[in-house]
Amino acid sequence: MLNFNYNIPTKVFFGEGKIEVLGKQIKKYGSRVLLAYGGGSIKKTGIYDDVVKILRENAIPYYELSGIEPNPRVESVAEGVRICRDNNIDFILAVGGGSTIDCSKAIAASYYYEGNPWDLVIGKAKIEKVLPIGTILTLSATGSEMDAGAVITNMETNQKYGFGHSGFFPKFSILDPRYTYTVSKYQTASGVADIMSHTFEEYFSNEKGAYLQDRLAESILKTCIKYGRIAIDKPENYEARANLMWASSLAINGLLGYGKDSIWSVHPLEHELSAYYDITHGVGLAILTPHWMEHVLDENNLWKFVEYGINVWNIDSSLEEMKIAQLAIEKTSQFFKSLDIPMSLREVGIDEEKLEIMAKDVIEYKEGPVGNFKTLDYEDVLSIYKKAL
């Protein structure tokens, strides 16, 4: 196991009715709030009314940024910065899923930067300071409620990039599983795929000594497998929603990656799909993952796929090792299909037209090969895209 520094500072309030702490928590960090949310579903479900009531009861002035997109745009970031500056905002409250939270993180950083927020995303400018943020989670997927990263999209340049800063860790996150009851079947399935992909990115590494981290990862994967379909069929099953919500946070808060050196592979490939075609992130990950697995599988990393097949899918350990690995990949694909996720790029409107451009963009952005479980060059990326058609 490699050396590491543990730092997960977000305070989590998990469970039914935990929104009651909202006013007290905000007052620890600020006095004027930007209330950020997406397309308005929080108004239909009543969460918005609950939040506003608490803000008013605590005499906390608030200003709203609504309409944040599923793949949050840099334009929304700029608008949020404008509202914050015009109204002397000192705290951002993100109510929604990962897109809303990611956008809020970018606003929090851009508030202190006079240039184009995109400069911070691409690393042209350095993040010096970040406004404090808090979250109320309504979708189990990205894990943004408990991590230090954000992903922002620039549709003008067809770029979707992740960036991070220690200040991006929310000061607090309120996780009430009931707030995910109204999430659609499609988005629930997409969220499960996203959680699993975050876990895969850390799990499939060449580090053999991080036994504990790998067992934790397998537990998260098995949790998704157990509860994914249940949450789709019985959307108000508290047990399923609660387990998926906590899995979402633990999959990407750093815990699984401590002691390892995992450079992610599938996410950079999917970001290009979203940047050019604006597809649902988790769906893109589900489509690409089995093809990535097939492409990278070889004699050197066979041991990891065998471990995955036996420990996660309960495949008979007496079978020949390559057979175990192939069955594990097949079961991964079958599981995503069982969640009614489209499993080809054509099903989500992507054909051959831009595959070469996207593959080139992946390599150019990374300034070289992608990932380190098994590195991918341009031809590798293009091959995976083509297989996923």
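Is Lys304 buried or exposed, and what is its relative accessible area? Lys304 is buried, with a relative accessible area of 0%, where buried means under 20% relative accessible area, exposed over 50% and partly exposed in between (1.4 Å probe, protein chains only). The structure is a predicted model, in which local features need pLDDT of at least 70 and side-chain atom pairs count only at pLDDT 80 or more, while totals for chains, interfaces and linings use all residues. Residues are numbered from 1 along each chain as its sequence is written, and side-chain values use heavy atoms, with hydrogens and water left out.

Lys304 forms a salt bridge with Glu307, the closest N and O atoms being 2.8 Å apart; a salt bridge is a side-chain nitrogen of Lys or Arg within 4 Å of a carboxyl oxygen of Asp or Glu. Both residues lie in helix H12, 3 residues apart, about one turn of the helix. Salt bridges that share partners join Lys304 and Glu307 with Asp214, Arg215, Glu218 and Lys260 into one network. Within helix H8, Glu218 and Arg215 meet through their side chains at 2.7 Å, N to O, and, being 3 residues apart, they are separated by about one helical turn. Glu218 counts as buried at 5% relative accessibility, and Arg215 is buried as well, with a relative accessible area of 18%. In total, the structure holds 18 salt bridges.

Helices (H or I, at least four residues) and strands (E, at least two) are DSSP runs, numbered from the N terminus. For helix H12 (residues 302-313), the 12 residues should span 16 Å at 1.5 Å a residue, and the end C-alpha atoms are 16 Å apart, which agrees; the expected span is 1.5 Å times one less than the number of residues. Besides Lys304, the buried residues of H12 include Leu302, Phe305, Val306, Tyr308 and Trp313. Their cover includes helices H7 (185-203), H8 (211-233), H11 (281-296) and H13 (321-338). Just after H12, Asn314 takes a positive phi of about 60°.

Tyr308 and Tyr385 touch the most other members of the largest nonpolar core, which has 68 residues; such a core is a set of buried Ala, Val, Leu, Ile, Met, Phe, Trp, Tyr and Cys residues joined through side-chain atoms within 4.5 Å. The largest share of this core, 8 residues, comes from H11. Not counting residues up to four places away in sequence, Tyr385 touches residues including Leu269, Leu288, Leu345 and Met358, a contact meaning heavy atoms within 4.5 Å.
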